[in-house]
Amino acid sequence: MDNFVSFIKNLIEIDETELNIVLSRCRKKNVSKGNLVLQKGQIAQQYFFIISGGLRFFYDGLNDESTTWVVFKNEFLTEISSLNPQKPTRFNIIAIEDTELVVIDKKDMDFLYGHIPVWHEFGRKIWEETTVRMIDQILNFQTLTAEERYLQFVNTPEVLQKIPVKQLASVLGITPNALSRIRKNIK
């Protein structure tokens, strides 16, 4: 939990009493590679912090799976399009390697929002960062070439090392063959 405590303290100023209340609402969970954290059709009920490992968000496309997002260590996340409206998710979330998570159930997060005033700041900062990343991703798809998008991923070695070419191509919105050509041209 040390990583999660550091993550919290980097975002907000929180006293030890409040921090202990937060931690009392958290639990650790280990997910083996290939196991689902959330399956299409379920309603999201949890928030996650990745202590180690990684998760992949994907949906079933017309001919194949489409990977939309990959997250690794020190990321805080949920499937927000399911959690807040309490609607069935369109995504699957799967462990791409053995993964250790901190889990906060929705009811516990709601409790923390209601009882720890500074926790609202935590939530606001998390969702602001997430929104900025989503906007950046949309703009990147509209304004950058596939090669430029790939070069941004080169700055995240975990993505290049831990997900197969087919899934990376899906995240970039290109075919695996196009990704192979881009990689060949860059070398």
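The legends below describe close-up views of a predicted model.

Local features are reported where pLDDT is at least 70 and side-chain atom pairs where pLDDT is 80 or more, while totals for chains, interfaces and linings use all residues. Residues are numbered from 1 along each chain as its sequence is written, and side-chain values use heavy atoms, with hydrogens and water left out.

**View 1. The protein chain, with its nine helices and eight strands.** Helices (H or I, at least four residues) and strands (E, at least two) are DSSP runs, numbered from the N terminus. The radius of gyration is 18 Å, close to the 16 Å that the globule rule gives for 187 residues, so the protein chain is as compact as a globular protein of that length; the radius is taken over C-alpha atoms, and the rule is 2.2 Å times the number of residues to the power 0.38. Along the principal axes, the C-alpha atoms fill a box of roughly 55 × 30 × 30 Å. Buried residues make up 41% of the 187 residues, where buried means under 20% relative accessible area, exposed over 50%, and partly exposed in between (1.4 Å probe, protein chains only).

**View 2. The stacked pair of phenylalanine 7 and phenylalanine 76.** A search of the whole structure finds eleven aromatic pairs, a pair being two rings of Phe, Tyr or Trp (its six-membered ring) with centres within 6.5 Å, called stacked if the planes are under 30 degrees apart, edge-to-face if over 60, and tilted for the rest. The ring centres of phenylalanine 7 and phenylalanine 76 are 6.4 Å apart and their planes meet at 15°, so this pair is stacked. It links distant parts of the chain, since phenylalanine 7 belongs to helix α1 (residues 2–11) and phenylalanine 76 to strand β6 (residues 76–77), 69 residues apart. Phenylalanine 7 is buried at a relative accessible area of 17%, and phenylalanine 76 is likewise buried, at 7%. Both residues are part of one aromatic cluster formed by Phe4, Phe7, Tyr47, Phe49, Phe76, Trp119 and Phe122.

**View 3. The edge-to-face pair of phenylalanine 57 and phenylalanine 91.** The two rings lie 6.2 Å centre to centre, with 70° between their planes. Phenylalanine 57 lies in strand β4 (residues 54–60) and phenylalanine 91 in the loop between α3 (80–83) and β7 (92–95), so the pair ties together parts that are 34 residues apart in sequence. Both phenylalanine 57 and phenylalanine 91 are buried.

**View 4. Salt bridges of glutamate 65 with arginine 56 and of glutamate 75 with arginine 133.** The structure holds eleven salt bridges, each defined by a side-chain nitrogen of Lys or Arg within 4 Å of a carboxyl oxygen of Asp or Glu. In the bridge between glutamate 65 and arginine 56, the N to O distance is 3.1 Å; glutamate 65 is partly exposed at 37% relative accessible area, whereas arginine 56 is buried at 5%. Glutamate 75 and arginine 133 meet at 2.9 Å, N to O, and this pair links distant parts of the chain, with glutamate 75 in the loop between β5 and β6 and arginine 133 in helix α5, 58 residues apart. Glutamate 75 is partly exposed at 22% relative accessibility, as is arginine 133 at 34%.

**View 5. A salt-bridge network of Arg25, Lys107 and Asp108.** Aspartate 108 forms a salt bridge with lysine 107, their closest N and O atoms being 3.6 Å apart. Aspartate 108 is buried at 10% relative accessibility, whereas lysine 107 is exposed at 58%. The charged end of arginine 25 also sits over the ring of phenylalanine 111, 3.6 Å from its centre; this contact requires NZ of Lys or CZ of Arg within 6 Å of the ring centre and within 35 degrees of the ring normal.

**View 6. Positive phi values at asparagine 74 and glutamine 86.** Most residues other than glycine have a negative phi. Asparagine 74, in the loop between β5 (65–72) and β6, has a phi near 70° and is partly exposed, with a relative accessible area of 36%. Glutamine 86, in the loop between α3 and β7, has a phi near 55° and is partly exposed at 31% relative accessibility.
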